[in-house]
Amino acid sequence: MQVITTKSGATTKECPPVGKLIILTGPSGVGKGTLMRSLLQRHPELHYSVSVTTRSPRPGEVEGKDYYFISRREFEQLVAAGELLEWAEFAGNCYATPQKAVMNQIRSGKRVMLEIELKGARQIRTSYPSALSIFILPPSISELEKRIRGRAQDSDEAIARRLRHAQEEISAADEFDLQIVNDDFESALNSIEAAIFS
Ligand code: ADP
Ligand code: 5GP
């Protein structure tokens, strides 16, 4: 609660603006990142939470924009200091959402977007039940594999690991508020947009 003094000297109490936490989750390669980029282009007022990861940067990835790339030791220090909203190990690397920036943005009334995998999304659903959680599904497993291979950014071993995870992740889809199939890109984007701004 914030006490506001008006020009006449009277005081009123107002609740600070409160934003919204929105999670996009779904198997690797389903198109979350691509959907997110289009969403942020259409709606610059959304705040994207940049994660930390111990994964090495892929060609073209930018520090501070795609991820904060840190060492495992730095990651462990963040965990120990309680500075992470959620964290998870995925396909041999660690990923996490830094807490402070997200909370500041929500307090200032922003809609904050997280693009995270299943275990982290579950943690957020437990700690922030009011978050809106959206699960992105592929039209089929074979299409998912095609997209991961088409991205040409992972080794064969990493692709196999990501596909093994995908089955498990997809079977958890109905834990989330909304399931959207990313078949036709524009339709999927419009459905996400409708959910966020409704
Ligand atoms: P994720 O972030 O979920 O791992 P990406 O956003 O990197 O997935 O997308 C994986 C690949 O799938 C990219 O090459 C992207 O261009 C492609 N892709 C995304 N959405 C679609 C779609 N609706 N139809 C076909 N290809 C898509
Ligand atoms: P990639 O290595 O393809 O960038 O990401 C692998 C997976 O980690 C993706 O499913 C992505 O959504 C997820 N991820 C990215 N950032 C975070 C994060 O901060 N927390 C969690 N739990 N997962 C994340």
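## The sheet

Isoleucine 136 sits across from isoleucine 180 in β11. Strand β10 (residues 132-137) runs parallel to β11, with four bridges joining the two. (Strands are DSSP runs of E, at least two residues, numbered from the N terminus; two strands pair if DSSP finds at least two bridges between them.)

Zoom out and you get an open sheet of five strands, ordered β4-β9-β3-β10-β11 with parallel pairing. β4 (47-48) and β11 (178-181) are at the edges with a single partner strand each, so one side of each has no neighbour in the sheet.

## Ground rules

This is a predicted model: local features need pLDDT of at least 70 and side-chain atom pairs pLDDT 80 or more, while totals for chains, interfaces and linings use all residues. Residues are numbered from 1 along each chain as its sequence is written, chains are lettered from A and ligands numbered from 1 in written order, and side-chain values use heavy atoms, without hydrogens and water.

## Around ligand 2

Of the 16 residues around ligand 2, the nearest are Ser51, Arg55, Tyr67, Glu86 and Tyr95 (near: a heavy atom within 4 Å). β7 (84-90) and β8 (93-98) each supply at least two residues of that shell.

Now the polar contacts (N or O pairs within 3.5 Å). Tyrosine 95 has a side-chain N or O atom 2.5 Å from an oxygen of ligand 2, and a polar side-chain atom of glutamate 117 is 2.7 Å from a nitrogen atom of ligand 2. The protein buries 96% of the 510 Å² that ligand 2 exposes when taken alone (Shrake-Rupley, 1.4 Å probe).

Key
A polar contact is a pair of N or O atoms within 3.5 Å; within protein, one must be able to donate a hydrogen and the other to accept it, and residues adjacent in sequence count only if both atoms are side-chain atoms.
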